[in-house]
Amino acid sequence: MVGLDMQPITVPPPSGQRVHARCDLLGHAPYSDDAQGLFRPYLGAGYRATLDRIAAWMSDAGMSVRVDAIGNVVGRYEGIAPDAPSLLIGSHVDSVRHGGRYDGMLGVILGIEVVAAFARVGRRFPFALEVIGFGDEEGSRFPAAMLTSRTVAGVREGFDLSMVDGDGISLAAALAEFGLDLAAIDDARIAPGRVLAYVEAHIEQGPVLEAEGRAVGVVSAIAAQHRYRVTMQGMAGHAGTMAMHLRRDALAAAAEAIGTVERIGRAGPADLVATVGRLEVLPGAANVVPGDVMFTIDVRAGTNAVRDAAAGEILSEIRDIAARRDIVLGVALQHDLDATPCDAHLTELMEQAVVDVTGAPARVLVSGAGHDAMVMAHLVPVSMLFIRCEKGISHNPAEAVSTADVEVALRTLTDFVCLFERRC
Ligand SMILES: [Zn+2]
């Protein structure tokens with residue numbers, strides 16, 4: 001028989017509404033550095049105001065609150081025994097310029113609401129619940145992303161305190177200005193064993209859940225990525241006098257290559273995406289056959305194997321195109337990121353929580369975008385829940401989520417915590 005304390009908790013309806021309203025409140029000044037919309041760079045004035053507000057909400061929800069050595073805000077709700085390892089729930093509080101109100105912030109505010117729901121009924125677990133608002137995920141101020149989760153997870157290689165923001169202020173100076181002790185930065189690192197798992201809820205930032213009519217989805221992995229810079233060199237010539245059969249048109253070759261990228265991307269599994277996002281044409285005149293072209297290829301998939309197979313096929317076909325057209329081809333791999341699988345057991349629990357709440361099988365999908373969970377996976381098992389956003393729009397003031405979907409996410413996360421207690 002299941003004891004009363006093992007029953008999943010029911011969250012009263014106003015909670016989802018409160019989460020939504022809180023994200024909206026934080027969407028403008030004084031929580032933004034931009035009077036016109038939302039821009040919340042790491043360690044800025046809006047960031048400080050936001051941390052103060054979040055700390056107050058965490059405290060109201062029954063948590064003790066601290067700002068760690070790299071400027072993350074962390075709330076802690078003790079378990080049955082004090083000082084137990086924690087289940088960490090979070091996302092990021094910084095935003096891009098002209099950002100949306102839910103990217104990152106929704107995951108933080110949902111975490112607070114999950115704790116508030118349990119605190120309201122005095123429910124405690126064999127583990128503590130901690131909620132973290134990561135300071136920098138977007139690279140919102142300095143030329144590097146995920147600075148704060150990298151510090152927490154202890155994967156700080158290549159992370160330089162002398163890097164400067166757009167105004168020439170160094171990270172070291174910004175941290176000191178914020179009141180943080182530079183010598184103590186590594187104190188933000190979480191010791192192995194202190195955290196059992198990391199759970200992140202985030203808007204999908206894509207259109208799949210909306211297209212399929214689902215409020216939430218479970219992330220199986222964060223995509224592997226390759227980005228290439230491709231150059232094609234032919235021969236520029238007079239558009240009026242150069243006979244068609246004698247041309248070495250670099251843009252016509254590139255057009256064929258771009259079609260190949262799309263065709264191979266479409267033919268693969270659903271988690272494969274391939275994009276040409278940038279194209280430069282020289283000399284770029286209406287009356288000149290293009291002699292030089294540069295374009296980028298971005299290939300992502302849920303596993304390294306799928307990405308590598310697709311990238312290999314694309315590059316092989318592009319070599320054939322170049323050879324056939326007598327084009328000099330250059331290919332440089334500029335960005336190489338391995339896939340981060342979410343923990344299989346936690347993913348199963350999250351799927352079960354979605355079934356419990358929605359009554360339908362969970363949609364499992366790959367995240368094409370990077371998240372703090374990707375970094376935290378170096379430290380602990382991770383799980384991610386995606387929430388439908390309108391038209392898949394993100395990094396845009398038009399970013400929108402429905403209160404009903406937030407409610408589903410909230411119930412799913414609270415159910416997940418109960419399942420985690422039973423099965424871990
Ligand atoms: Zn985000």
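1. Domain bounds here come from an automatic or database domain assignment. On that basis, the protein splits into domain 1 (4-222 + 339-423) and domain 2 (224-337). Keep in mind while reading that this is a predicted model.

2. How far apart are the centres of domain 1 and domain 2? Taken over C-alpha atoms, the two centres sit 38 Å from each other. Where the domains touch, domain 1 puts in seven residues and domain 2 puts in eight residues.

3. On the area between the two: domain 1 and domain 2 bury about 470 Å², with carbon and sulfur atoms giving 59% of that. On the domain 1 side, Ala-339, Val-366 and Gly-368 lose the most area to domain 2, and together they make up 73% of what that side buries.

4. If you want to set up electrostatics across this interface, here is what there is to work with. The rule finds zero salt bridges between domain 1 and domain 2, but it does find two residue pairs in polar contact, both at pLDDT 80 or more. The side of domain 1 that touches domain 2 counts six nonpolar residues, one polar residue and no charged ones.

5. Now the metal. Which residues coordinate the zinc ion? The donors are His-92 through NE2, Asp-103 through OD and His-202 through NE2, at 1.9 to 2.1 Å. Along the chain, these zinc donors follow the spacing H-x10-D-x98-H. His-92 belongs to strand β3 (residues 86-92) while Asp-103 is in the loop between β3 and α3 (105-120), so this pair ties together parts 11 residues apart in sequence. One caution before you judge the site: water is not among the atoms, so sites may look incomplete.

6. Salt bridges next. Side chains of opposite charge can pair when their charged atoms come close. The structure holds 24 salt bridges. Arg-194 and Asp-83 form a salt bridge, with 3.1 Å between the closest N and O atoms. That pair links distant parts of the chain, 111 residues apart: Arg-194 is in the loop between α5 (171-177) and β5 (195-203), and Asp-83 is in the loop between β2 (73-77) and β3.

7. Where are the cis peptide bonds to look at? A cis bond joins Ala-29 and Pro-30, with omega about 10 degrees, and Pro-30 is in the loop between α1 (14-25) and α2 (45-60). The peptide bond from Leu-282 to Pro-283 is also cis, with omega near 0 degrees. Pro-283 has its place in the loop between β10 (279-282) and β11 (288-289).

8. Phi of Leu-43 is near 65 degrees, a positive value in a residue other than glycine. Leu-43 is in the loop between α1 and α2, and that loop also holds Pro-30.

Technical notes
Residues are numbered from 1 along each chain as its sequence is written. This is a predicted model: local features need pLDDT of at least 70, side-chain atom pairs count only at pLDDT 80 or more; totals for chains, interfaces and linings use all residues. Side-chain values use heavy atoms; hydrogens and water are left out. Contact means heavy atoms within 4.5 Å. Buried area is the accessible area (1.4 Å probe) that two parts lose on being put together, summed over both. A salt bridge is a side-chain nitrogen of Lys or Arg within 4 Å of a carboxyl oxygen of Asp or Glu. A polar contact is a pair of N or O atoms within 3.5 Å; within protein, one must be able to donate a hydrogen and the other to accept it, and residues adjacent in sequence count only if both atoms are side-chain atoms. Ala, Val, Leu, Ile, Met, Phe, Trp, Tyr, Cys and Pro count as nonpolar, Asp, Glu, Lys and Arg as charged, and the others, Gly among them, as polar. Donors are N, O and S atoms within 2.8 Å of the metal (3.2 Å for Na, K and Ca); water is not among the atoms, so sites may look incomplete. Helices (H or I, at least four residues) and strands (E, at least two) are DSSP runs, numbered from the N terminus.
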